[in-house]
Amino acid sequence: MSHLPTLITDLALILASAGLMTLIFKRLKQPSVLGYIVAGILAGPHITLTPTVIDSGNIQTWADIGVVFLLFALGLEFSFKKLMKVGGPAIIAALTIIVGMVVLGFIVGVAKQMDSIFLGGMLAMSSTSIIYKAFEDLGLRTQRFTGLVFGILVIEDLVAIVLMVMLSTMAVSKNFEGMEMVYSIGKL
């Protein structure tokens, strides 16, 4: 097996550990996402009792590819027609969550002002891929409320992109320049 590139060997180890943990966690009636986390810990380079990946850089490569496929699957499921259908409540809920988390993070982060703003921005982000996978595992993707949840998540992701642009611009320029911010958001 030494003739295979390490990327493929690491993929085999990752898939084998994820498959084994999926079976164990299904049998324990636990979410498979939790099993994936345990599989990642066991296959990672920090646990020496089990076989680990050969090249730690491969973990990042496969993680990026996996996220791309998972978000692509979410994109296939969700359309702008569905977003418009749940638009009003989804926008209100998403903005309430984002503003609430940013304010909470700013209040909790007693460090520097910029660090507190970044903390608030991080708290405002949700993990769309985790929620999508959890709904899929529980068989809830066809339920009516999932359209609203996915609408909120898509809006949060769009606002997250704008937040990343704004926060990175603020961090680099060390001050708030409104026209530069509007220009960055317009380009986006």
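Predicted model: local features only at pLDDT ≥ 70, side-chain atom pairs only at ≥ 80, totals over all residues.
Reader: Which residues of α1 are buried?
Author: They are T9, D10, L13, S17, A18, M21, T22 and F25.

Reader: And what follows α1?
Author: K29 follows α1, and the phi of K29 is positive, near 60°.

Reader: Stepping back, how many helices and strands does the protein chain have?
Author: The protein chain has 9 helices and 0 strands. Read from the N terminus on, the elements run α-α-α-α-α-α-α-α-α.

Reader: How much of the chain counts as buried?
Author: The protein chain has 188 residues, and 27% of them count as buried.

Reader: What about the accessible surface?
Author: For the protein chain, the accessible surface comes to about 12,400 Å². Carbon and sulfur atoms account for 73% of that surface.

Reader: Of the contacts between residues at least 6 apart in sequence, what share join residues at least 24 apart?
Author: In the protein chain, that share is 56%.

Reader: Now the aromatic rings. How many aromatic pairs are there?
Author: The count comes to 2 aromatic pairs. One of them joins F135 and F145, whose ring centres are 5.7 Å apart and whose planes stand at 85°.

Reader: Why is the pair of F135 and F145 edge-to-face?
Author: Planes over 60 degrees apart count as edge-to-face. The planes of F135 and F145 are at 85°, so this pair is edge-to-face.

Reader: Where do these two residues lie?
Author: F135 lies in helix α7, residues 128-138, and F145 lies in helix α8, residues 144-173. The pair therefore ties together parts that are 10 residues apart in sequence.

Reader: F135 first: buried or exposed?
Author: F135 has a relative accessible area of 12%. Buried means under 20%, so F135 is buried.

Reader: And how does F145 count?
Author: F145 counts as partly exposed, at 41% relative accessibility.

Reader: What can you say about the rings of F135 and F150?
Author: The ring centres of F135 and F150 are 5.8 Å apart, and their planes are at 65°, so this pair is edge-to-face. The pair links distant parts of the chain, with F135 in helix α7 and F150 in helix α8, 15 residues apart. F150 is buried, and so is F135.

Reader: Which residues do the ring pairs link into a cluster?
Author: F135, F145 and F150 are linked into a cluster by ring pairs.

Reader: Next, T146. Where does it lie?
Author: T146 lies in helix α8. T146 counts as buried, at 2% relative accessibility.

Reader: What does the side chain of T146 reach?
Author: The side chain of T146 reaches the backbone oxygen of Q143, at 2.6 Å. Leaving aside residues up to four places away in sequence, T146 touches F135, L140 and R141.

Reader: One last topic: where is V68?
Author: V68 has its place in helix α3, residues 56-77. With a relative accessible area of 54%, V68 is exposed.

Reader: How many residues apart in sequence are V68 and S129?
Author: V68 and S129 are 61 residues apart in sequence. In space, the two are 9.7 Å apart, C-alpha to C-alpha.

How values were computed
Residues numbered from 1 in each chain as written. Heavy atoms only, no water. Helix = DSSP H or I, 4+ residues; strand = E, 2+ residues; numbered from the N terminus. Buried < 20%, exposed > 50% of the residue type's maximum accessible area, 1.4 Å probe, protein only. Contact = heavy atoms within 4.5 Å. Areas by Shrake-Rupley, 256 points an atom, 1.4 Å probe, with all protein chains shown as cover. Phe/Tyr/Trp six-rings, centres within 6.5 Å; stacked < 30°, edge-to-face > 60°. Polar contact = N/O pair within 3.5 Å; in protein donor to acceptor, adjacent residues only side chain to side chain.
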